Amino acid sequence: MLPIWTLGAQEDVAAISLAFILSALLVFFAGPSFKKWAPRLRARGKKRSPPRRQMTPIGKFALLSQTERNPSIICFFIAIANRDEGMKIDEFEQLWSTVMKEHERFRLHVCDPNCFEESNKPIDQYTLEVPHPENPDEFRERIDSFLLSPMDVTDQPWEICLSSGPIGSSGAILNSKELIQEGYKTETVALFRVHHVICDGVSISAAVKDISDEKDKLDGLMLDAVEKYKAQARKMGLVQKVLGLVMYYVFGSIYALSLQAWNMMTSTPNPFDQFINDKENKSKRSVSWKYLASIEEAKSVARMISRRTKLNDLFAALLSSALERQYKDLNAKSETPKTSSKCPSSVNVVVPVHLQGSVLPGQQIGNKIGAFVQAIPFNASPGAKLTSSLSRVRTISKTINKMKRTPAPLISWLLTACISYLGIESIAKDAIVRANCHATAVLSNVHGYPFEIHWKGRPIKMLCAFLPLPPKVPIGILVTSYDGMIIMSVEADYELIPDPDQFLDYMLEEYEEIKKELSFKLGQ
């Protein structure tokens, strides 16, 4: 979310800037010939056509920039614990019909490169009841298929598989043993995949919330937080607001654009590329998910590191350490290990940011996201100087805090909108690769729900999502929270991370090392 003194202003600035750019292009290219085609437009206006909706710039860009190896598909699952045989497909379809009714985008399909139109498909065309996975490996293979299988967005840009079986059999619910002791017998797992042309991950979280039994309570908490945010903004004086806007949009834009240009010119190739044999064709994905810690504990750890350290800084540090260890593992097994002189001292990570922070009650879902590229330490060379875990977090926190003071995500959104307007696939594919600056991974943090939610009285015990990896970016980490716990998920090219459980363990071990160093420091 953008700074407090920009509340409400960022979307206006984005809309005005984009409208100006598009209007100027329209006048320049189409103005002289308007008289020729104006009569045709009037004639067409008399004909009735199906109602259409314009794509968002991000949605259109997702279509243009995706590749066979990296389709723009968001995949996630919701696992419910049951004391009976489980949720039936009819019960689920009745529930999800509410989402289709409240959020128009779930009733649309792509009809041309720029527009949606109503599909008029019943919900049973989007859902399928399938046999329940007999083991965790079978469930992970199903997720892999959902992530990489082609999706015809002109037919249906989303689909859901539902299955029920013995609790713990799929591995979806991490604490299934505890639930068995509490009397739960079965689990129902709903596996979703939604093309990015429809919406972003934050919007999906809002859709899940809208059909929960706790919807009103969650809406109330969100609106209360917005009012507190606005109240703080109103306390600021006019001069302070004006100076804040100038510093943020003028000097912040200069800094963000300069840093991005520098990264694009100086970034070194992704050090993990040497371990990928086929960089073009579709590759198998490895996936895993684990708890990190309770939200309160992680926030306490961040506060003990420094006042400026946030949870995102902590997550980036855990990823930095895990990447180093994974690289060393791959290099040790490689027939041609990379020399220390060629290994970079840092790698780039793409950080998506929702421009609004969340979808407010009553708002329609969409694609209001931007991103920025952040360099994180990568001390994987044999002769590299070892640094403490705390030093790693502080270094990352310092650089991320600088980017937070800039409108980098908003700038990326505007540039993406301009490229989407051109509608040239080759330009979009090239732009996303160049803008990501040879990034090694994507790191995203999506706020979940502070307490357990229910669907028709059935408790949801696990929520987990996987990022759509951009072209040439082989690793994705998504961190979310649910019922007081932090959940990490990884999705990666199988060649780079054949054991995703081990990779998440590397992140967990770094978290424990940070706590250990803090305890030693406080003990002194």
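Me: In which sense do strand β9 and strand β11 pair?
Reply: This is a predicted model. In it, β9 (residues 346-354) and β11 (residues 441-449) pair in the parallel sense, over two bridges.

Me: What stands opposite Val350 in β11?
Reply: Val442 stands opposite Val350.

Me: Which strand order does the open sheet of six strands have?
Reply: The order is β8-β15-β14-β11-β9-β10, and the pairing is mixed.

Me: And which are the edge strands?
Reply: β8 (285-294) and β10 (369-377), each of which pairs on one side only. From one strand to the next, the twist averages 20°.

Me: Different topic. What joins β3 to β4?
Reply: A hairpin does, through two residues. Strand β3 (residues 108-112) and β4 run antiparallel, with four bridges between them. Asp112 has Cys115 in β4 as its bridge partner.

Me: How many bridges pair β1 with β4?
Reply: Three, in the antiparallel sense, between β1 (residues 52-54) and β4 (residues 115-118). Here the bridge partner of Gln54 is Cys115.

Me: Now the helix. What should α12 span, at 1.5 Å a residue?
Reply: Helix α12 has 16 residues (389-404), so it should span 22 Å. Its end C-alpha atoms are 22 Å apart, which agrees.

Me: Which residues of α12 are buried?
Reply: Ser389, Leu390, Arg392, Val393, Ile396, Ser397, Ile400, Asn401 and Met403.

Me: Where do they lie around the axis?
Reply: They cover an arc of only 155°, so they are on the same side of α12.

Key. Residues numbered from 1 in each chain as written. Predicted model: local features only at pLDDT ≥ 70, side-chain atom pairs only at ≥ 80, totals over all residues. Heavy atoms only, no water. Expected span 1.5 Å × (residues − 1). Buried < 20%, exposed > 50% of the residue type's maximum accessible area, 1.4 Å probe, protein only. Arc of directions from axis to C-beta. Pairing = 2+ DSSP bridges. Axes fitted to C-alpha atoms, helices over the stretch in contact; angles between N-to-C directions.
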